[in-house]
Amino acid sequence: MSISRRIADEQPDHFAFSAENKKKIKAIMAKYPKERKASAVLPLLDLAQRQHDNWIPMKAIEAIAIECDMAEIRVLEVATFYTMFNLKPVGKYFIQACGTTPCWLRGSDDVMRCVKDKLGITSGQTSACGKFSLLEVECLGACVNAPMVQINDDYFEDLDYMSMSDLIDRLNEDDVPAAGSIRGRQGSQPEPAPTSLTNVVDFPASSAKTSSKPKAGKGDDHA
Ligand code: FES
């Protein structure tokens, strides 16, 4: 997608960081050497997006360039490289759907077909109701629970057509389910159950603190 298509046609005349975010910027800048202010560009882009309804206007790019002592085009280069930064308005629920090989092999096409069937949108579009936006992205690092989508800050994993449909219905009611595996899989453990370390014992917190050497669990006698 060309850069110009990613940038909103209608832009606000003004952007200024809030007082609270100015304090955060000070704390962020303190982490880096004075001559390396550009290192703060990613957290500042994130702050600007969270402050401005989940998208970054060009006036914010200008403000960040000043804060980070960078050319505006350099800030824009960073903002356009990462799919998590939006340069035009998006819906309340910004769906980043992974379409990279592991997710594709596990059914990401079905997940995106579901979004299209239910919301009438494809990658880069916002639903007519304005509540949902979809963007197809590259691997989000949760391949073991493929296929998956990121919605705002959370990952929803182990999806298929039906579970994606349910997820959209719930979000439409602003009933946001718990993040993670939609099937309730713990982490990325095998299904239907763990196949190794099946005898690991959960020690009570108190004994874990006082004992320097954990007791062996059933089946862990190796000596
Ligand atoms: S391929 Fe989809 S999360 Fe890695």
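Which residues of the largest nonpolar core touch the most other members? I found Ile-95, Ala-97, Val-111, Val-115, Met-148 and Val-149, out of 24 residues in that core. A nonpolar core here is a set of buried Ala, Val, Leu, Ile, Met, Phe, Trp, Tyr and Cys residues joined through C-beta atoms within 7 Å. Buried means 20 or more other C-beta atoms within 10 Å of a residue's own, exposed means 12 or fewer, and partly exposed is in between, with C-beta atoms placed from the backbone.

Ground rules next. This is a predicted model, where local features need pLDDT of at least 70, side-chain atom pairs count only at pLDDT 80 or more, and totals for chains, interfaces and linings use all residues. Residues are numbered from 1 along each chain as its sequence is written.

**Overview.** I noted nine helices and six strands in the protein chain. Helices (H or I, at least four residues) and strands (E, at least two) are DSSP runs, numbered from the N terminus. Of the 223 residues, 24% count as buried.

α7 gives the largest share, five residues. Apart from this core lies another, of 16 residues, including Leu-44, Ala-63, Ile-64 and Leu-76.

I then checked Met-148. Leaving out residues up to four places away in sequence, Met-148 touches Cys-98, Cys-103, Leu-140, Ala-142, Tyr-155, Phe-156, Glu-157 and Leu-159. Contact means C-beta atoms, placed from the backbone, within 7 Å.

**Helix α8.** Its buried residues are Met-164, Leu-167, Ile-168 and Leu-171. They cover an arc of only 100 degrees around the axis, so they sit on the same side of α8. The arc is that of the directions from the helix axis to the C-beta atoms. The cover over these buried residues includes β1, α7 and β5 (154–157). On the face turned away from the buried side I found exposed Met-162, Asp-169 and Arg-170.

**Helix α5 (residues 72–81).** Val-75, Leu-76 and Ala-79 are buried here. Down the axis, the buried residues of α5 fall within an arc of 100 degrees, so they line one face of the helix. α3 and α4 (58–68) are among what covers them. Ile-73 and Phe-81 are exposed on the face turned away from the buried side.

**Helix pair.** How do α2 (residues 19–29) and α3 (residues 41–51) pack, and at what angle? The angle is about 170 degrees, with the axes 11 Å apart. Axes are lines fitted to C-alpha atoms, for helices over the stretch in contact, and angles run from 0 to 180 degrees between N-to-C directions. That makes α2 roughly antiparallel to α3, a label for angles over 145 degrees. Asn-21, Lys-24, Ile-25 and Ile-28 of α2 meet Pro-43, Leu-44, Leu-47 and Gln-51 of α3.

**Backbone.** Most residues other than glycine have a negative phi, and most peptide bonds are trans. I logged the exceptions. The bond from Ala-146 to Pro-147 is cis, with omega near -5 degrees. Pro-147 lies in the loop between β3 and β4. The bond from Glu-191 to Pro-192 is also cis, with omega near 5 degrees.

Asp-158 is not a glycine, yet has a positive phi of about 60 degrees. Asp-158 counts as buried because it has 21 C-beta neighbours inside 10 Å. Asp-174 has a positive phi of about 55 degrees. Asp-174 is exposed, with 9 other C-beta atoms within 10 Å.

How values were computed. Two residues are in contact if their C-beta atoms, placed from the backbone, lie within 7 Å. Angles under 35 degrees count as roughly parallel, over 145 as roughly antiparallel, 65 to 115 as roughly perpendicular and the rest as oblique.
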